[in-house]
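Here's a quick briefing for anyone meeting this structure for the first time. Have a look at the sequence and the model, then read on.

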Amino acid sequence: MSDFGHRLAIANLRDGQRIELRANEAECAAIADRLRLAGIERFEAHVAIGLEGNRVTATGRLRAALRQHCVASGEPVQASVDEAFERL
């Protein structure tokens with residue numbers, strides 16, 4: 001199972017439905033460990049669902065506040081992620 005996975009029943013989805021997902025502390029720690037990051041303070045996804053017959057699309061943004069290791073010193077460095085995505 002994914003560190004931050006959410007299953008949704010297709011029968012319950014609506015076209016244009018918006019979903020807000022936020023990782024809890026344990027999920028943030030698991031994601032950071034998997035990605036070998038110093039830590040994740042915030043990890044969230046904002047998703048819009050599209051339905052076209054039997055086809056489901058998800059578009060939105062993934063945002064995170066994290067600490068990664070500096071390649072020179074190894075010290076934690078603050079970083080952020082703000083990326084759009086589309087999943088067909």
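In this predicted model, residues 24 or more positions apart account for 47% of the contacts with a separation of 6 or more. The protein is built from one helix and four strands, and from the N terminus on the order is β-α-β-β-β. With a radius of gyration of 16 Å, well over the 12 Å that the globule rule gives for 88 residues, it is more spread out than a compact globule.

**Overall build**

- Along the principal axes, the C-alpha atoms fill a box of roughly 55 × 25 × 15 Å.
- Of the 88 residues, 30% count as buried.

**The largest pocket**

- Its volume comes to about 440 Å³.
- The lining is made up of 17 residues, and those nearest the centre of the pocket are His 6, Leu 21, Val 47, Ala 58 and Phe 85.
- What kinds of residues make up the lining of the largest pocket? Twelve are nonpolar, three are polar and two are charged.
- Strand 1 (18–22), strand 2 (39–52), strand 3 (55–69) and strand 4 (76–87) each put at least two residues into this lining.

**Arg 36, in a loop**

- You'll find Arg 36 in the loop between helix 1 (25–35) and strand 2.
- Its phi is near 60°, which is a positive value in a residue other than glycine.
- Is Arg 36 buried or exposed? Arg 36 counts as exposed because its relative accessibility is 73%, and the cut-off for exposed is over 50%.

- Gly 50 belongs to strand 2, while Thr 57 belongs to strand 3.
- Gly 50 has a relative accessible area of 13%, so it is buried; the limit for that label is under 20%.
- Thr 57 gets the buried label too, as its relative accessibility is 12%.
- Which residues does Gly 50 contact, leaving aside its neighbours within four places in sequence? They are Asp 15, Arg 55, Val 56 and Thr 57.
- Gly 50 and Ala 65 are 15 residues apart in sequence, and their C-alpha atoms are 28 Å apart in space.

**Asp 82, in strand 4**

- Asp 82 is part of strand 4.
- Why does Asp 82 count as partly exposed? Its relative accessibility is 40%, and partly exposed covers what lies between the under 20% of buried and the over 50% of exposed.
- Not counting residues up to four places away in sequence, Asp 82 touches Arg 61, Leu 62 and Arg 63.
- Along the chain, Asp 82 and Glu 44 are 38 residues apart, and their C-alpha atoms are separated by 9.8 Å.

Definitions and conventions:
Residues are numbered from 1 along each chain as its sequence is written. This is a predicted model: local features need pLDDT of at least 70, side-chain atom pairs count only at pLDDT 80 or more; totals for chains, interfaces and linings use all residues. Side-chain values use heavy atoms; hydrogens and water are left out. On a 1 Å grid over the protein atoms alone, a cavity is a set of points where a 1.4 Å probe fits but cannot get out, and a pocket is an open set with protein on both sides within 12 Å along at least five of seven lines; lining residues have an atom within 4 Å of a point. Grid points are joined across faces, edges and corners, and a volume is the space filled by probe spheres set on the points. Ala, Val, Leu, Ile, Met, Phe, Trp, Tyr, Cys and Pro count as nonpolar, Asp, Glu, Lys and Arg as charged, and the others, Gly among them, as polar. The radius of gyration is taken over C-alpha atoms; the globule rule is 2.2 Å times the number of residues to the power 0.38. Buried means under 20% relative accessible area, exposed over 50%, partly exposed in between (1.4 Å probe, protein chains only). Contact means heavy atoms within 4.5 Å.
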